[in-house]
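Q: I have this one open in the viewer and want to go through it piece by piece. Can you take my questions as they come?

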Amino acid sequence: MERLQKIIANSGYCSRRKAEELILSGKVEVNGVIINTLGSRASYSDTIVINGVTLKSESKEYILLYKPRGVVSSVSDEKGRKTVVDIVESKNRLYPVGRLDYDTSGLLILTNDGELTNLLIHPSHEVEKVYIVKVDEIVNPSLVKSLEKGVIIGGKKTGRARVKIKKIDKKKKSSLIELTIYEGRNHQVKKMFEAIGYKVSKLKRERFAFLTLDGLSSGEYRHLNIKEVKKLYAIAKK
Ligand code: URA
């Protein structure tokens with residue numbers, strides 16, 4: 001179940017705000033009943049009629065993007081910066097599943113499937129995310145390993161995590177660490193490193209669930225196939 005205005009917006013019919021206006025003006029019917037207050041929920045299988053026309057959902061599209069650094073993970077940007085949606089050619093209204101920071105690169109899924117998006121970003125579904133972290137100093141391996149026990153960020157302890165030290169370059173005074181997490185809090189990786197006294201200088205997401213960046217260069221993308229989409233649903237619904 002999902003808010004009615006969200007279902008309408010996700011179908012590609014109009015924006016969420018416009019959908020709210022339509023609902024409030026009594027133009028929306030769900031299974032034959034006019035709904036004219038906000039806050040009602042419906043399901044994607046309900047029959048939704050707007051101004052007498054039955055809502056048909058857009059065909060669903062799923063894209064795996066290798067997001068470059070210097071691109072915003074949203075549909076539009078008030079500062080006029082390039083967004084992930086600008087990179088991808090589509091006639092659908094796609095949006096990112098979660099976010100990567102402006103200066104983070106790596107794997108990002110874009111879709112117009114609101115149901116899958118909500119399942120994947122819901123904290124209880126614990127989708128595995130693997131990051132490669134660069135720190136411009138020689139890190140203390142046991143201190144970095146302590147991230148596995150959890151650190152407090154934003155007043156709350158972080159959940160399950162796995163740490164692998166990939167490389168410590170004594171000459172260049174830099175370290176590469178692989179960090180696997182199952183949550184997706186705001187700036188989580190940077191904050192986890194900050195909590196143990198390190199500043200992340202570069203961050204890349206290498207994996208999201210079973211999906212990797214194999215075969216793609218920065219700025220490139222590909223469509224997910226039906227098997228991959230089904231597998232994502234299966235993982236998210238577990
Ligand atoms: N953690 C961060 O700090 N930034 C990202 O972009 C993703 C995870």
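Q: Where is arginine 3 found?
A: This is a predicted model. In it, arginine 3 is found in strand S1, which covers residues 2-3.

Q: Buried, exposed or partly exposed?
A: Arginine 3 has a relative accessible area of 37%. The range for partly exposed runs between under 20% for buried and over 50% for exposed, so arginine 3 counts as partly exposed.

Q: What does arginine 3 touch, leaving out residues up to four places away in sequence?
A: Gly39, Ser40 and Arg41.

Q: And how far apart are arginine 3 and arginine 69?
A: They are 66 residues apart in sequence, and C-alpha to C-alpha they are 33 Å apart in space.

Q: Switching to domains. How is the chain divided?
A: Domain 1 is 2-54, domain 2 is 62-123 + 210-236, and domain 3 is 128-208. The C-alpha centres of domain 1 and domain 3 lie 43 Å apart.

Q: In what order do the four strands of the open sheet run?
A: The order is S3-S2-S5-S6, with antiparallel pairing. Strands S3 (33-34) and S6 (53-54) stand at the edges with a single partner strand each, so one side of each has no neighbour in the sheet.

Q: How many bridges between S5 and S6?
A: Two bridges, in the antiparallel sense, with S5 covering residues 48-50. Across that pair, valine 49 stands opposite threonine 54 of S6.

Q: Now S15. Which way does S9 pair with it, parallel or antiparallel?
A: Parallel: S9 (residues 104-111) and S15 (residues 200-208) share three bridges. Threonine 104 has leucine 203 of S15 as its bridge partner.

Q: How many bridges join S10 to S15?
A: Seven, and those two strands run antiparallel, with S10 spanning residues 129-135.

Q: What about S15 and S16?
A: They pair in the antiparallel sense over two bridges, S16 being residues 211-212. Arginine 207 is opposite threonine 212 there. The hairpin has two residues between the strands, and alanine 209 takes a positive phi near 55 degrees in it.

Q: On to the ligand. Which residues are around it?
A: Leu100, Asp101, Thr104, Tyr131, His187, Gln188, Val189, Lys190 and Leu203.

Q: How much of the ligand area does the protein bury?
A: The ligand taken alone exposes 240 Å², and the protein buries 96% of that.

Q: Last one, histidine 125. Where is it found?
A: Histidine 125 is in the loop between helix H4 (114-121) and S10.

Q: Which backbone oxygen lies 3.2 Å from a polar side-chain atom of histidine 125?
A: The backbone oxygen of alanine 236. Ala236 is also among the residues that histidine 125 touches, along with Leu119 and Lys238, when residues up to four places away in sequence are not counted.

Conventions. Residues are numbered from 1 along each chain as its sequence is written. This is a predicted model: local features need pLDDT of at least 70, side-chain atom pairs count only at pLDDT 80 or more; totals for chains, interfaces and linings use all residues. Side-chain values use heavy atoms; hydrogens and water are left out. Two strands pair if DSSP finds at least two bridges between them. A polar contact is a pair of N or O atoms within 3.5 Å; within protein, one must be able to donate a hydrogen and the other to accept it, and residues adjacent in sequence count only if both atoms are side-chain atoms. Contact means heavy atoms within 4.5 Å. Domain bounds come from an automatic or database domain assignment. A residue is near a molecule or strand if one of its heavy atoms lies within 4 Å of it. Accessible areas come from the Shrake-Rupley method with a 1.4 Å probe; for residues, only the protein chains shown count as cover. Buried means under 20% relative accessible area, exposed over 50%, partly exposed in between (1.4 Å probe, protein chains only).
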